[in-house]
Amino acid sequence: MADIIGKDGSFRVGSNIVGALDSWTINRTAGMAEVTSFGDTFEEFVPTIKGWTATISGTLNSTDAQQLAIRDQLEDGTYAQISCHFYLAGTTAPVYKGDAYIESDSIGSTLKDRVTWSASLRGNGDLQWDLS
């Protein structure tokens, strides 16, 4: 498998690029149910259901319509599921996609640097991927 670099990746809500971002992270999880019995000397588990979360981050941009739409959900409390599309360098179609809700966001500022913004997403349903 060839090495994949992230310099040309992007995150989109539907087909609209969220501007001024420089990273995204997807965290896939599997629930685990404990099935340890009396007398066992180690814990035992079986997988249950899967889930996912994601984080997007970059520079705060007060004019980017997609950033504003995401931030407005937390400010006015009108939550809407968004269609997330994650792209890698050199791909013309999303490599990962799924629906999610905005769970939180964060704004930070440091001396001599840009003002940063990040948002945490909670997957709602399956995360589809195609690494072919």
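Visitor: In which helix is the place of Gln73?

Guide: Helices (H or I, at least four residues) and strands (E, at least two) are DSSP runs, numbered from the N terminus. Gln73 has its place in helix H1. This is a predicted model, in which local features need pLDDT of at least 70 and side-chain atom pairs count only at pLDDT 80 or more, while totals for chains, interfaces and linings use all residues. Residues are numbered from 1 along each chain as its sequence is written, and side-chain values use heavy atoms, with hydrogens and water left out.

Visitor: Is Gln73 buried or exposed?

Guide: Buried means under 20% relative accessible area, exposed over 50%, and partly exposed in between (1.4 Å probe, protein chains only). With a relative accessible area of 8%, Gln73 is buried. Contact means heavy atoms within 4.5 Å; leaving aside neighbours within four places in sequence, Gln73 is in contact with Thr78, Tyr79, Ala80, Ile82 and Ile102.

Visitor: What is the relative accessible area of Gln67, and which residues is Gln67 in contact with?

Guide: Gln67 is found in helix H1, residues 65–76, and is buried, its relative accessible area being 0%. Beyond the neighbours within four places in sequence, Gln67 is in contact with Val18, Gly19, Ala20, Leu21, Thr59, Leu60, Asn61 and Trp117. A polar contact is a pair of N or O atoms within 3.5 Å; within protein, one must be able to donate a hydrogen and the other to accept it, and residues adjacent in sequence count only if both atoms are side-chain atoms. Here a polar atom of the Gln67 side chain lies 3.0 Å from the backbone nitrogen of Asn61.

Visitor: Which residues have the most contacts inside the largest nonpolar core?

Guide: A nonpolar core is a set of buried Ala, Val, Leu, Ile, Met, Phe, Trp, Tyr and Cys residues joined through side-chain atoms within 4.5 Å. The largest one has 20 residues, and those with the most contacts inside it are Phe11, Trp52, Ile56, Ile70, Cys84, Phe86 and Leu121. At least two residues of this core come from each of strands S1 (10–13), S4 (45–59), S5 (82–87), S6 (96–109) and S7 (115–123).

Visitor: Where is the place of Trp52?

Guide: Trp52 has its place in strand S4 and counts as buried, at 4% relative accessibility. Trp52 and Leu121 are 69 residues apart in sequence, and their C-alpha atoms are 8.7 Å apart in space. The Trp52 side chain also reaches the backbone oxygen of Gly125 at 3.0 Å.

Visitor: Which residues other than glycine have a positive phi?

Guide: Among them are Ala20, with phi near 65 degrees, and Lys112, with phi of about 65 degrees. Ala20 lies in the loop between strand S2 (16–17) and S3 and is partly exposed at 33% relative accessible area. Lys112 is found in the loop between S6 and S7 and is exposed at 82%.

Visitor: How much space lies in the largest pocket?

Guide: Rolling a probe the size of a water molecule over the atoms shows where empty space is left. On a 1 Å grid over the protein atoms alone, a pocket is an open set of points where a 1.4 Å probe fits, with protein on both sides within 12 Å along at least five of seven lines; lining residues have an atom within 4 Å of a point. Grid points are joined across faces, edges and corners, and a volume is the space filled by probe spheres set on the points. The largest pocket holds about 190 Å³. Of its 13 lining residues, the closest to its centre are Gly6, Gly9, Ser10, Ser23 and Trp24.
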